[in-house]
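Visitor: I would like to learn how to read the sheets and helices of a protein, step by step.
Guide: Then let us look at one together.

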Number of protein chains: 2
Amino acid sequence: MGTSSFTCAAIRDGSMISFNSPRRNESGSDRERLPNTSYAVLGMLSFGDELSGYQLKKRADNLRFFYWSPAHSQIYAELRRLEKLGYVTHREVRQVRRPDKRVYRITDAGQDVFETWMNESPVEPVSLKHSVVLRLFFGHVADPDRLREVLADYAEQVSEVIEDLQGISDEISESDQFFYPAVVAEWGIGYYEAERRAALRAIERLDERPEGLTGEDDADTA
Amino acid sequence: MGTSSFTCAAIRDGSMISFNSPRRNESGSDRERLPNTSYAVLGMLSFGDELSGYQLKKRADNLRFFYWSPAHSQIYAELRRLEKLGYVTHREVRQVRRPDKRVYRITDAGQDVFETWMNESPVEPVSLKHSVVLRLFFGHVADPDRLREVLADYAEQVSEVIEDLQGISDEISESDQFFYPAVVAEWGIGYYEAERRAALRAIERLDERPEGLTGEDDADTA
DNA sequence: ATATGCATGTAATGGGTTACATGATTGT
DNA sequence: ACAATCATGTAACCCATTACATGCATAT
């Protein structure tokens with residue numbers, strides 16, 4: 001899966017390169033490798049405008065459909081880290097009838113590492129924690145009716161998400177400015193529609209199942 | 001978000017009291033609330049058989065399609081915790097030409113909390129970190145060809161997952177013993193097929209886009 | 001009056017990973 | 001000989017959350 005074979009080939013006298021370095025290479029050769037959250041923050045600043053931590057948090061919430069939303073304290077911590085690395089700068093903005101704020105802007109170095117990440121970082125699989133499916137997997141110890149209820153609830157929740165996304169999609173799909181977000185919104189709609197179908201299909205399968213076989217495998221056979 | 005307003009009101013000379021206890025209620029009233037990972041481990045033991053940490057880790061890997069796989073060290077730590085809580089017990093198994101092992105079994109108390117979790121815990125939304133979609137979202141700073149490549153790579157990876165799941169599904173869908181896992185496998189297939197479609201569709205949209213509008217919004221306008 | 005939004009942070013804790021460590025056995 | 005599988009664990013670290021903390025402005 002050719003991640004970047006020629007990039008590697010370009011490396012000649014591999015004095016250190018510490019390739020696949022465990023972590024902590026004080027020599028500072030290979031770019032510190034940040035967690036994805038840092039790149040999410042950097043990405044939100046990559047549009048070029050100045051944002052406060054507070055605004056950033058709200059923007060980050062827009063990613064919630066495909067990326068989790070970090071806590072605000074995490075955002076602030078991230079900003080301080082990025083600043084120490086020289087990837088963002090801030091300036092204080094005095095306000096009259098509002099608390100003062102600190103707005104951040106991405107630096108050239110920041111734009112640089114972000115671009116590098118965008119173009120060079122390997123394709124990772126999704127990391128998901130699907131607690132509903134987890135429960136379904138262990139269905140043998142659940143009350144069958146409750147399990148159906150859980151699935152129906154989930155389908156319901158998902159429907160709301162679809163509506164939200166549909167709304168967002170309608171808003172932004174006109175303007176070319178939001179081309180990529182619009183593509184993402186379409187992805188999201190397809191994603192959650194599939195989730196809805198899957199949940200409903202699972203309920204069907206539970207219903208189809210002949211009675212008398214429902215759960216409690218080893219309640220008395222143990 | 002009424003945390004506990006009258007608790008506060010009751011405090012007069014607030015010497016300590018550590019009011020509205022952040023967590024850790026030693027009085028043991030409300031069941032400790034474990035992280036989902038604990039329930040995943042408990043769930044894998046809920047079939048009634050004895051398992052070593054090593055075996056457990058391998059079983060946990062089967063959940064990887066819809067739940068992430070914890071590191072082995074995490075499994076061991078989890079088992080020790082659950083044992084301290086009385087939800088599992090272990091016994092040492094001497095082996096001749098293999099390292100000795102420690103096999104764990106769920107207790108009645110453990111089965112109990114697990115059932116309670118299965119039936120009572122609220123329906124949580126999926127938590128996903130989709131780094132590929134994250135990159136797509138910030139497509140304006142990516143090299144358009146590389147972005148397409150990333151999406152194609154992802155679609156390819158997903159195809160392999162589908163094949164894996166198809167294989168598993170074929171194996172288990174015969175036996176009624178694996179009813180729930182089979183339902184989950186079907187869910188998974190639908191899920192990853194949707195992912196594949198979404199990735200392919202996104203490539204299409206990138207292709208459809210008129211030239212000259214690709215990325216680099218503020219490369220020179222800054 | 002009370003809640004909500006704006007705005008920024010610290011402290012404590014927890015969940016989880018990676019690397020380090022050990023050591024025998026089996027397959028190539 | 002070398003790698004992989006079996007088997008269990010510790011140490012260090014870091015990412016992230018929750019709760020604590022403050023304070024003004026506006027809307028209800």
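**Reading a sheet and its neighbours**

Guide: In chain B, three strands form an open sheet in the order β1-β3-β2, and their pairing is antiparallel. Its edge strands are β1 (51-52) and β2 (88-93) of chain B, each of which pairs on one side only. This is a predicted model, in which local features need pLDDT of at least 70 and side-chain atom pairs count only at pLDDT 80 or more, while totals for chains, interfaces and linings use all residues. Residues are numbered from 1 along each chain as its sequence is written, chains are lettered from A and ligands numbered from 1 in the order in which they are written, and side-chain values use heavy atoms, with hydrogens and water left out.

Visitor: What counts as a strand, and what counts as a pair?
Guide: Helices (H or I, at least four residues) and strands (E, at least two) are DSSP runs, numbered from the N terminus, and two strands pair if DSSP finds at least two bridges between them. Here β2(B) is joined to strand β3 (residues 101-106) of chain B by six bridges, and B:His90 stands opposite B:Tyr104 in β3(B).

Visitor: Which helix lies across β1, β2 and β3 of chain B?
Guide: Angles run from 0 to 180 degrees between N-to-C directions, with axes as lines fitted to C-alpha atoms, for helices over the stretch in contact, where contact means heavy atoms within 4.5 Å. Helix α2 (residues 36-45) of chain B lies across these strands, at about 90 degrees to β3(B).
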